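Please read this briefing alongside the sequence and the 3D view.

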Amino acid sequence: MPVGDILPELSLILGAAIILVSATFLPRQRHLCCTLLALMTLAVAMGLTLDQWSLTNQLSFKTVWAIDRGAVIAKSIILAATFICVLLSPQWLNKDRRHGEYYTLVLFTALGAIVLASANGSMELIMGVLLSSAASYPLVAFHRNWAPSTEAGMKYFLAGALANAILLVGVVLLFGLVGDTAYGVIHTQLAARADPWILTAGFACVLTGLCFKLAAFPLHTWMPDVAQGAPVPVAALLSVVPKIGAAVALARFVQILPVDFSWPALLACVAAATMTLGNLAAVWQKDMRRLLGWSSVSQSGYALMAVTVLNRTDSALPALLVFLAGYATANLALFAAVTALRGRTDFADYAGLSQKQPAIALVIVVSFLSLVGIPPLFGFFGKLALFSSTIEGRYLWLAVLAIANTVISLFYYLRLVQIMYFKAPEQSMHLLGKLSWGTTLAMGIGVLALGLAAQGVLALINTVGFATGNWNG
Amino acid sequence: MILTISLLVPLLAALLLAFPLHWPQRYYRGFATGIALVPCLLLVIAWVNFDTRGSLFQHVHEVPWVPSLGMAWRVGADGIALAVATMSSFLIAGAAFYPVDTYGRARQYYAWILFLQAVSLGVFLALDLLLFYVFFDLNLVAMYFLIARWGHGKARFAATKFFLFTLCGSLALLLGILGLYLSVEPRTFDMRILIEQQPLAGTGLLASLVFLGLMVGLIIKTPLAPLHTWLPQAHVDSPGPVSAILAGVLLKMGTYGMIRIPYSMMRQTFEQYALAIAVLALVSILYGALVALAQHNLKRRIAYTSINHMGYTVLGIAAAGALMSDSPMAQRLALTGATVEMVAHGLITGSLFFITGSFWQRTREYDLDAYGGLAAKAPVLAFAMVLAAFASFGLPGLAGFVAEFQIFAGTFAIYPWLASIGLLGILITAALFLQMLQKLFFGSLPQRWTEFTDLGRDERLVLAVLLLAVVVIGIYPNVLLGPIEASVTLLVGRP
């Protein structure tokens, strides 16, 4: 068994286990050690992931495990995002008795996502989805004495259980068609002969299951609840990490479908519905965390645009990853800001933030503008790549719809900007602590700096590809 | 290099002002004015050194930025860009110097003004489509904060409407830009290559869609009726100097963009749709003038005349791009006129909005009917306003006349009917300005304005410089025409 090919995953499991054991034996005030352990584990996993960069696209474990630059980039973004979320956590949770175990769950959530990024067989797909779901249910309900948290946890769990069941049905249908779970075999068999009805049903089921992880229509409704009810670092984690894994997994999955099967049309509709619903629901929100949740739904819709045109242009996969990286940076910056502000969420509580906490207000504005796609922020390059490949893939209507949605999104972002900048502060604003404040600031600088240094990011990401073995050229 | 420096100086100064400095409030204005004059000086030097027999774009400076996208820091200018950029930098320097109430936030106000100067110059001087778009969008951010923070009335509503409306235009423009980018091999945003290759030659569906995207974006910015509705509100609620920049500089981005992108890069498609654009321009000319005539609010009235004047500019551009190429002379005249109109409108309407800012500082009142008899009370203000108003409706000997004469002379040879109907616009503007002057300055002085003071020293200085330029261009247009005509000849002469 080529164990070396899954070293990053193994390191996460090992780290999570060590943390669990330490958390059991360490006194509560020493749980900060677990934070450090989690950060170290993530750094090691990151190093091991980057070590795979030089390996050219290859398949491992009898072709069901992909090691390619698409996976490496996605995993790096996931691990980096998890790192940020862990940085935000200690001050949020240090009064909690279960502080240590929390990191085990975080690491398992990240593990599920990176398994998704490499999954090249439907069993691995299921494993990734289930792992990241199961680990994150308790995270959402971590504040078990606070009703919104348990409510969000319950909704998230119910939606997740349904979605995972549907995903399983889809995988079973496909297995029934071809008798295998490896993508390579499925692809060859489907290309040779496939019952179109079962194929459609199977694809629809798998898509629905992944839509849950992506927070995309029709299983997007948990996202705003989780954003509002979960601990803010968890909301940050779940709005970014599983999304990236699922987007890459979906991109891998659609490539096994036969050429004459018109999945792009279906995906385009899902993308259109997701971005429009997310934006329209965000328009009248008066709650910052819910707003971020809905805006995150709409961003998934944009990401799906790139998957839609995946087989029509080579630029789609890089576009997807650049966009996800840009989204992750800005979204994490926003959730970091909310964490630093002790999770304040009512719009009214943001009045006059620019006077009390100018740096955080500025980070929020810059991140909003990056999500809108104002140059030269990082988000702009993501949107640019996305629009460019969507047009190239001849889905002009989708690009036009995305533009209309972008204008709507600016509207609701500006509502908060106005409150922060043009209303007088009514109360003093306490911060959570220096660490989350520093993280917020660093993320804000990242949004700008990565935009200015876009060449470096693009040069890396433009080399990505998927390992497809001997099928699909 | 000289153009890059003229961009970077205000940009870096704006960044400096973004940090809490704790200087005395009055220092900021002097600092900002001093910095804003640097690009003015550099651009004048660039203007003097412009070689009228040289290539289209001069003073080119190129630094790689995002080569994997074909994007680079490319700046350079032809005569058209240089004329508009120089006018803009002077107008913004004037805006920085013009006294205004900053509500105790002088540092932030002048930081945004300097930032606005940098990104505005960026739009006119960029030779890279994506860089152009970057600056085009950053303008919106700066303008949003200037209006929302320092405006009056329903300032936040106006600012939001402005941002949303023009972002919509920007994104349409972005789609068009991407269409151009995707159609050239190897892919690049370099304007020089796109102008040379004319990648979407022809009138296929794709070319028409790209053209539509570009034009919708630029028309919203210009703005032409019926996409102008963001403009009056944004103008009325901005502080005077910001209005001056909005009218004098930001509107030019629309018309300049038309010359630079669709006109230069998609000439065949432009020819196909030139008549439609000309008709749209004519509608704006008449609609802008008529609606302005109906306004009782001083600032709204001037704002609507902008729609009318930008209509002249677009008419000139459309005539210059029309299919009948048997009259290149007339087309050159029309395009030169359109460029001069941009410069003239910037100076004239900029002055008018500065004066409305002075009115607001003194009276907090824009209603024309509330005024009267101010000529005796404030003779200098009255003189400046009369001069600017006369220039605006095109009195011979002033800059507006040179521009409108060239536009109409050129358009007559190409679209005689449109030009004749368009002349009505000038008639109506003359009426509305005369009526405005009469209401403000003649008749009896209402009791409440007995304390009205004349323009102060700083206000006089700014207006004197701008109006002097208006007179000089009016009497001796050749100071402006050399480089413009050189570039126009190269642009129109293209097949």
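In this predicted model, helix α13 (residues 316-340) of chain A packs with helix α18 (residues 434-452) of chain A at an angle of about 155°. The axes of the two helices are 8 Å apart. Angles over 145 degrees count as roughly antiparallel, and α13(A) and α18(A) are therefore roughly antiparallel to each other.

**The helix pair**
- The crossing of α13(A) and α18(A) is left-handed.
- On the α13(A) side, the residues that meet α18(A) include T329(A), A330(A), L332(A) and A333(A).
- On the α18(A) side, W437(A), M443(A), G444(A) and V447(A) are among the residues that meet α13(A).
- Sorted by class, the contact of α13(A) with α18(A) has ten nonpolar and seven polar residues, and no charged ones.

**The contact of chain A with chain B**
- Chain A gives 22 residues to the contact, and chain B gives 24 residues.
- On the side of chain A that touches chain B, the elements giving two or more residues are α16 (378-392), α17 (396-422) and α19 (454-461) of chain A.
- The largest share of that side, nine residues, comes from α17(A).
- The residues on the side of chain A that touches chain B are 16 nonpolar, five polar and one charged.

**A loop residue in chain B**
- L69(B) lies in the loop between β1 (58-66) and β2 (71-77) of chain B.
- Is L69(B) buried or exposed? L69(B) is buried, because 20 other C-beta atoms lie within 10 Å.
- L69(B) and Y181(B) are 112 residues apart in sequence, and their C-alpha atoms are 9.6 Å apart in space.

Technical notes:
Residues are numbered from 1 along each chain as its sequence is written. Chains are lettered from A and ligands numbered from 1 in the order in which they are written. This is a predicted model: local features need pLDDT of at least 70, side-chain atom pairs count only at pLDDT 80 or more; totals for chains, interfaces and linings use all residues. Two residues are in contact if their C-beta atoms, placed from the backbone, lie within 7 Å. Helices (H or I, at least four residues) and strands (E, at least two) are DSSP runs, numbered from the N terminus. Ala, Val, Leu, Ile, Met, Phe, Trp, Tyr, Cys and Pro count as nonpolar, Asp, Glu, Lys and Arg as charged, and the others, Gly among them, as polar. Axes are lines fitted to C-alpha atoms, for helices over the stretch in contact, and angles run from 0 to 180 degrees between N-to-C directions. Angles under 35 degrees count as roughly parallel, over 145 as roughly antiparallel, 65 to 115 as roughly perpendicular and the rest as oblique. A crossing is left-handed if the near helix is turned anticlockwise from the far one by less than a right angle, and right-handed if clockwise. A residue is buried if 20 or more other C-beta atoms lie within 10 Å of its own, exposed if 12 or fewer, and partly exposed in between; C-beta atoms are placed from the backbone.
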